[in-house]
Number of protein chains: 4
Amino acid sequence: MPRLAFLGPRATFTEQALRSLPESAGAELVPCAGTPAVLAAVRTGSVDAGCVPIENSVEGAVPAVLDGLVADPPLVIVREAVVAVRFAVLVRPGTALADVKTVASHPHAIAQTRGWLAERLPDADVLLSTSTAEAAAQVARGEFDAAVAAPLAGEEHRLDVLVDDIADNPGAVTRFALVAPPGPLPAPTGHDRTTIAATTQNRPGALLGLLTELAVRGIDLTRIESRPIKNRHAEYWFHLDCTGHAAEPAMGEALAALHRRCDFVRFLGSYPRAGNGAAQPGAGTATPVVGVGDAADFAAADEWLAGVRAGSLA
Amino acid sequence: MPRLAFLGPRATFTEQALRSLPESAGAELVPCAGTPAVLAAVRTGSVDAGCVPIENSVEGAVPAVLDGLVADPPLVIVREAVVAVRFAVLVRPGTALADVKTVASHPHAIAQTRGWLAERLPDADVLLSTSTAEAAAQVARGEFDAAVAAPLAGEEHRLDVLVDDIADNPGAVTRFALVAPPGPLPAPTGHDRTTIAATTQNRPGALLGLLTELAVRGIDLTRIESRPIKNRHAEYWFHLDCTGHAAEPAMGEALAALHRRCDFVRFLGSYPRAGNGAAQPGAGTATPVVGVGDAADFAAADEWLAGVRAGSLA
Amino acid sequence: MPRLAFLGPRATFTEQALRSLPESAGAELVPCAGTPAVLAAVRTGSVDAGCVPIENSVEGAVPAVLDGLVADPPLVIVREAVVAVRFAVLVRPGTALADVKTVASHPHAIAQTRGWLAERLPDADVLLSTSTAEAAAQVARGEFDAAVAAPLAGEEHRLDVLVDDIADNPGAVTRFALVAPPGPLPAPTGHDRTTIAATTQNRPGALLGLLTELAVRGIDLTRIESRPIKNRHAEYWFHLDCTGHAAEPAMGEALAALHRRCDFVRFLGSYPRAGNGAAQPGAGTATPVVGVGDAADFAAADEWLAGVRAGSLA
Amino acid sequence: MPRLAFLGPRATFTEQALRSLPESAGAELVPCAGTPAVLAAVRTGSVDAGCVPIENSVEGAVPAVLDGLVADPPLVIVREAVVAVRFAVLVRPGTALADVKTVASHPHAIAQTRGWLAERLPDADVLLSTSTAEAAAQVARGEFDAAVAAPLAGEEHRLDVLVDDIADNPGAVTRFALVAPPGPLPAPTGHDRTTIAATTQNRPGALLGLLTELAVRGIDLTRIESRPIKNRHAEYWFHLDCTGHAAEPAMGEALAALHRRCDFVRFLGSYPRAGNGAAQPGAGTATPVVGVGDAADFAAADEWLAGVRAGSLA
């Protein structure tokens, strides 16, 4: 039975994300305390893969995930999940809103419900927990009156949803990544994402040169973030999410170009994009990167180049 | 007396950063609970300016600061501070390491000292506080045995430094920004930074076009981050830190170009760069952006263009 | 009465081009021997302007025109004309094709009718003249039997058109430029062209940088040519034709940028484009350069920038 | 015995250029009337290769060469020669300068000696010939008193050099190309040039995109020229000379990229660069294109990419 770690405890948004992935079917799900612990469990081989938040997270320190991914030994993302963030007020059965004197949650969840709390529970003490699920557990144990957490945490700890959907900005989503040791890449689906981290020389135009390598090959960028390199002043890792798959010629050529241009480049995975229009895993075949060249264009150009080099110009 | 807010409580790294700035001399320093509260105090005018972490923060939710800066009404950064992050174990006088059964701190501080804690206090319960300074206050009140915090918090709460410099990665720094309502810009020092946020159409090459506007004018990028726009799926604010000052011609032309090209651009301040080689405020005059053109080159080009348009080619 | 020089003798394609321009109405048209002589006449002031071929010419050495334009003192193009190149066989009245033993023309005209001559006059001697019009004059004087020239030359020298439209590639056109000393620019028509010559440092990417200055400002390039700089090995003038007018903000900013970036830049005129869709001179007002910004976008951006610099962010 | 055509007649600068190439040793040199005739002789196979002027020519219509190279069937450049252009006044033995009443030459040679002729032979009639060598032949036959031509033409026709080095701009050079049917490419020497012609869609930025494909791969451009496509209004062939050789990985990848991006791309040869620092043919091995990546960098990147795709990240 495969073992999959996740940012625990049980009933967090990360567990919810992991359960949405086909890999979780029939797997043992192992909660870990903190994203570094998830990554460490994958690196040591005590689990087969691990699920961590990667963008816009409620509870996880996403910068820590980015920094952790570029550490050694290498890890790659093999799947992503996008989960709608939905906060509820969870209480023990019988508790009314007027009874709530203390409310607990993870600091980020409190930040995202601050307006609602100020308006509806202005007199309650707000207390910090290490996760939304831990807050629910604390409520179940009677330590606090209410928790701000996912409804899933209510099911886990037999709490009632007193008020649902209390986020100040409804509609927020969080992206999660399933991370594994390097191995055969997920098959291209025609609707994939590739994640890369790279360092460049600290000189004007270095980032522009890097992005040009992607743009000339028709590869679109969906996220970029600079993270300071530990212990190196004013040097950065650039974290990039791009459209396309390393098995496709445009992305392959772009990756090789980054390898030549950058001081260091870390391949962090090619995997199906979650959300609108994503092909079902395994259902597709390698299909085009839109833009300057699809696979057939690359094949035609390579054939032409072979002719040029052999001296036969059709 | 000017009033300056900061991410409280007292004795946080943010207060330490604020005290390092000349603006704090003779000012009343007002702690606020959370960076949104700091920004709100500046926006309502209850303080003159506010200090918040902006990059690589120990205790602040930096993404929240970025999101908060682009909200309305406008705010600008008028000064930055870079503070070395230094963690100490603070205890009540007389406590020995062997006596420490509970240790408290902000989650991010705990994340950055996890290795030391696992090795030297493997059996202690680790507890979360809303800030490193609050953890110190809790130790002073006898709620916990030890706090992981800045030495400044020890002075504030009359605690002893039991062990100093326990960060797993010594040498980390955090950048802080002093934020104020729009007003006359700090004078150029020749060693300035300009912060911008911009949104672009969600199409291939849009970010490359934006960065090209900077690069052709010799402006270097020192940080870039994409932040999802609230409630707008797959749309982003790009947060950019650049070298140079809006009063200089190269930066002025680049800002105007971004205004034309981007769906929305938010000017977030031009201010002296902290750290190595920074000119003292007021000591310099507008000096060149290195690269394609300094102020004299711009003046010469403008004079030539005026001649072209008037029909007099020298 | 204005005096306008042209690449003579009378009845060349250049005279035909000049007569198509409004400036020729009521002017004295002065033939000159060679394009250097035309440019010299303009420079010395013995004429008010001069007409020379600039692209794809039949009889003129166009490279010589490009080299001549960048010499001193400065000259600018104030108007262009596009003329369909049409070759006829001109003979004295009564001459039949079978009578033609000798045929004369300018070398370039012969090159463009070589196929026809080989097929229809395979046994005739082909002789060189200094221009198509001179060949017609020589036929009129009885020196040769036939000339390959414009029908206009037949009218001038009272010759008959024996065969018309004998070009091997029918449909060719030649561009001509009316060149004058610097002075007030022709008013923008919304459908203008700007001609520039520039030199750059001889290093990789220098030309790319130059073209990027145009592209980021939405300016399109309609012609480019590199010409060796006399007496400087491996250094080049780049001759560029662009859409837009120097009075427009996008072009103005681009010109100033080239002035900063290039070793030397020579403004060679902004003038109405000939051909399809050209606005009539004087009929239009300054209208937008398509692309990144029209004049209203520039005005809005400048106003915003002024606010940024003054500290008032609306 | 190999047969090599050249732009005749005998004793032109083109013959001089051809004789400077190792291929001419032991070959039969065949003069042709006009560059189209040279290219046609190569295409039909009546000669093995042909020599034509390609840049800054004295006597040849270089635009005609560019247009002729992109016609069908394909031809490639296999060698270049750079020849110093040196004009002399050639006369029959015994002729003094005061005796010269008529002087003949090719129009381009006359253009390049116009200043000298105006000053030293102000009263002589200047007459056109089809080439500098033909002018010398005409002088030898007694048709004219003097010819402006290369000293080589004097040797050929037993004329004396009356005055040497009369060019108005001494130091001019002309580039010549040896053109052959497609076949095995000349071996890379580490100091090569590649010539390409390409057409792009007629839209803003198309040329910039094309040049970016070269620049991101560290390939430098040494010449660019736009030539109108026959019978297609406002459409152009771009003729490009670049540093590097098609057998090298950077150039190979760039050529394939142009094949994908351009409507049409014509490979016109990879061959040793003439002039300063050129490696001797056959003496070198494939050595680096300076810039983003030499062959070893490409090999390392390809190996890394293979690992990425196979799932083994070292």
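Predicted model: local features only at pLDDT ≥ 70, side-chain atom pairs only at ≥ 80, totals over all residues.
The same surface serves both copies, since 100% of the contact residues of chain D recur in chain A.

The contact between these two chains draws 31 residues from chain D and 31 residues from chain A. On the side of chain D that touches chain A, the elements giving two or more residues are α8 (206–215), α9 (249–261) and α10 (295–310) of chain D. Of these, α10(D) gives the most, with 8 residues. By class, this side of chain D comprises 17 nonpolar, 7 polar and 7 charged residues.

Chain A is also touched by chain B, where 30 residues of chain B are in contact with 30 residues of chain A. Two or more residues on the side of chain B that touches chain A come from each of α4 (107–112), α8 and β12 (221–228) of chain B. The strand β12(B) gives the most to this side, with 6 residues. The side of chain B that touches chain A divides into 14 nonpolar, 11 polar and 5 charged residues.

Helix α8 (residues 206–215) of chain B has 7 of its 10 residues buried, so it is largely enclosed by the rest of the structure. The buried residues of α8(B) are Leu207(B), Leu210(B), Leu211(B), Thr212(B), Glu213(B), Leu214(B) and Ala215(B).

Helix α10 of chain B, residues 295–310, was considered next. At 1.5 Å a residue, its 16 residues should span 22 Å, and the end C-alpha atoms are 23 Å apart, which agrees. Within α10(B), the buried residues are Asp297(B), Phe298(B), Ala301(B), Leu305(B) and Val308(B). They cover an arc of only 95° around the axis, which puts them on the same side of α10(B). An α-helix has 3.6 residues a turn, so residues three or four places apart point the same way. On the other side of α10(B), the residues Ala296(B), Ala299(B), Glu303(B), Ala306(B) and Ala310(B) are exposed. The cover over the buried residues of α10(B) includes α9 (249–261) of chain B, together with α9 (249–261) and β14 (264–272) of chain C. Gly311(B), whose phi is positive, near 85°, follows α10(B).

Terms used
Residues numbered from 1 in each chain as written. Chains lettered and ligands numbered in written order. Contact = placed C-beta atoms within 7 Å. Helix = DSSP H or I, 4+ residues; strand = E, 2+ residues; numbered from the N terminus. Nonpolar A, V, L, I, M, F, W, Y, C, P; charged D, E, K, R; others polar. Buried ≥ 20, exposed ≤ 12 C-beta atoms within 10 Å, placed from the backbone. Expected span 1.5 Å × (residues − 1). Arc of directions from axis to C-beta.
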